[in-house]
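User: I would like a close look at a single part of this chain, followed by an account of what surrounds it in the wider fold. Please keep the account plain.

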Amino acid sequence: MKQFSRWCAFAMLGAAAMSCSVALAAGPALGTWGFDTTGMDRSVKPGDDFHRFANGAWVQRTSIPDDRSRFNVFSELDDRVQAQLLELLTEMAADRTAPPGSNRQILGDWFASYNDKKAIEAAGTAPLQASLSRINAIRTRSDLARYLSISDGLPGGSPIQVSIATDAKDSAHYIAQVDLLSGALSLGEREAYLEPKGEPRRRAYRQHVERMLALAGLKDAKLRAQRVLDLETRIAAALLPRDKVDYFSYNMIPFGEMGKRFPGLDWAAFFAASGLSEQSSVFVQTPPALAAGARLVAGVPLETWRDYLSYQYIKGCAEVLPLAFREEHFDFYTRSLGLQKTMRPRQAESIDTAKEKLQRFLGGEYVRLYVSEQTKAAAIAMVDEIKAAFDDRLARADWISDSTRTEARRKLAATLGQISHPDHWPATEPLKVVRGDALGNHERVIARSARIARAKLGTTSDRKAWDLEFLAPYWAMAAPDPTKPAIIVMAGILQAPFFDAAADPAANFGGLGAVIAHELTHLFDYLGSRYDAAGNMRDWFAPADAEKFKARGERLAGQMSRYEAMPGLFVDGQRTLFESQADLGGTQIAFEAYHRSLKGKPAPIIDGTTGDQRFFLAWAQNWRGKLKDEILKQDTLGGSTYATLQARAAMVRNIDAWYEAFDVKPGEK
């Protein structure tokens, strides 16, 4: 499940949502067949720069807004849904008669409170005081253990937390996990604290923490800020480098051994406060890091822990605090990095936050108003076609052994499709939302999520169930879940330019089809192959086949490393290989699925384009976008596991049919 969360983060691709009306349009939303031909630059040969050929005019005419760090097709989708959700939430906020506990009451009162800037300013720091007092009451190591044990249900981060996940070796059940987490580091990566080149950023961070603590009314803010930085540096040193973490280790530790294996933390107090005392064991991903973290709990002065937890809490609540807090938070974490010049308007921020925190309540309302059942049915049919094409490829692949082929096909047959939204919305735990209590609402949303997670312990997981607390229909998202296994395609991506039931099939298969197939291949790559058809962690890939897969990947990594992101800065083919392999495999599978869908009939010529040309143009349109130079640099240096947009569009160079479709000649770039 931890790996699934990582895949989902990669697969999100942008925070966007759907704008399908309940009645399908008579024609495609884009052009005559589902593609924006006005964005093309026909002065460029497809064989010289396919991304520019497909998207050059759009790139030339498009500017990145000041309140964004990038702008792409997902941004356009997001703008559409922002308008829809604004109308929906504004109407609900005006309704003071909604039954308590109903979606309308929860969403309306939450939205009204979040946007009541006068009330937030008038309250000042008073809403903070109860929680800051609780932190200040930490006077013993046992007090600290108890606070850490419930920190997953509190705003802000802490280095040692409880999380709930499916058992990697028995996916029908849930387990508790405890680890030292990098999420406790405000600067993100451990290297930001440990490498000399990070000193300017660390100095700026210390000054930022000082200002935040001072705004909250804490005395000796400068001294406290230094202690916060010192503790985070020690946490960073305790964490393992990312390339040293074995994500497929399986370390179930009996409760009785926790004190012996990880001395320094009062585990009895920790588990009693967290409600986990009835569990017989706990999963630990990185035992050496947790052992080092437990030593920090024992050895670092309690006043330093109080300072650190106070800052984390204030940071975690900044969005519902007075403007001075929000501006300081934005200035350090966004503006100073060159990501955005200006803050998003408050109303836009409130919609973004509702999408992230109120999925279970907002998702159902969105489906009711905006999602087409016809579109869902068409997408299900396309997913079935893609799975069939993938199975055909597995059946005839000449480089894998029969044992690997059998396991792969069994897993593919078992893979569920969760498309658009569930047919039924089960009951869920209520949420108390009080109009006028923005910070209290914020705290209760987070606490509710933790309670729902804890309640899974001792229950049996339903592989067919949707995780509606985590996934929302309005997100533009396709992702694999290896623990079911399943391919998840949310309603948000079932819209132009990715999918349009009224568009030519080539546009849909080249757009969304290739994205879905990309995610599907992740269930079978060097990570996905660690999980079997039942969703359990078991490596079924024959060793000799794994070596062949690795060798083929090395060739692709070499090709991708020759792409220049900006002058003198090249794509890291090895770091991006995981996603580049999925781009290549996904495009090939989707292309074959498109041809399967034709049932032996020739594709029509539309606006002078063949079906194959339309497929490849739709693939390139997926990667239409612009990034600010600082973001592009960050992504290329390690902030993203994807190659550049231009390189992703150019993946077609590895498919023979593309050369034939565009008459690409030797010598073209």
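Is threonine 334 buried or exposed, and what is its relative accessible area?

Analyst: The model is predicted, so local features need pLDDT of at least 70 and side-chain atom pairs count only at pLDDT 80 or more, while totals for chains, interfaces and linings use all residues. Residues are numbered from 1 along each chain as its sequence is written, and side-chain values use heavy atoms, with hydrogens and water left out.

Threonine 334 is buried, because its relative accessible area is 16%; buried means under 20%, exposed over 50% and partly exposed in between, with a 1.4 Å probe and protein chains only. The residue is found in the loop between helix 15 (323–333) and helix 16 (346–357). Helices (H or I, at least four residues) and strands (E, at least two) are DSSP runs numbered from the N terminus. Leaving aside residues up to four places away in sequence, threonine 334 touches His329, Leu339 and Gln340, where contact means heavy atoms within 4.5 Å.

Of its 669 residues, 57% count as buried. A compact globule with 669 residues would have a radius of gyration near 26 Å, and the chain agrees, with 26 Å; the radius is taken over C-alpha atoms, and the globule rule is 2.2 Å times the number of residues to the power 0.38. The C-alpha trace spans about 75 × 60 × 50 Å along its principal axes. Among contacts with a separation of 6 or more, 75% come from residues 24 or more positions apart.

One part of the fold is an open sheet of three strands, in the order 6-8-7 and with mixed pairing; two strands pair if DSSP finds at least two bridges between them. Strand 6 (416–420) and strand 7 (478–481) are at the edges with a single partner strand each, so one side of each has no neighbour in the sheet. On average, neighbouring strands of this sheet are turned by 15 degrees against each other, direction ignored. Strand 7 pairs with strand 8 (residues 486–490) in the antiparallel sense over four bridges, and proline 480 has isoleucine 487 in strand 8 as its bridge partner. Helix 18 (residues 373–396) lies across strand 6 and strand 8, at about 150 degrees to strand 6. Axes are lines fitted to C-alpha atoms, for helices over the stretch in contact, and angles run from 0 to 180 degrees between N-to-C directions.

Aromatic side chains come next. The whole structure holds 35 aromatic pairs. Rings of Phe, Tyr and Trp (its six-membered ring) pair if their centres lie within 6.5 Å; planes under 30 degrees apart count as stacked, over 60 as edge-to-face and the rest as tilted. Tryptophan 58 and phenylalanine 71 are stacked, at 6.4 Å centre to centre and 10 degrees between the planes. This pair links distant parts of the chain, with tryptophan 58 in helix 2 (residues 50–61) and phenylalanine 71 in strand 1 (residues 70–72), 13 residues apart. Both residues of the pair are buried. Tryptophan 267 and phenylalanine 271 are also stacked, because their ring centres are 5.6 Å apart and their planes are at 25 degrees.

Ring pairs also join Phe390, Trp399, Phe524, Trp540, Phe541 and Phe549 into a cluster. Lysine 411 lies over the face of phenylalanine 524, 5.5 Å from the ring centre. The charged end of arginine 530 sits over the ring of phenylalanine 248, at 4.3 Å from its centre. For such a placement, NZ of Lys or CZ of Arg must be within 6 Å of the ring centre and within 35 degrees of the ring normal.
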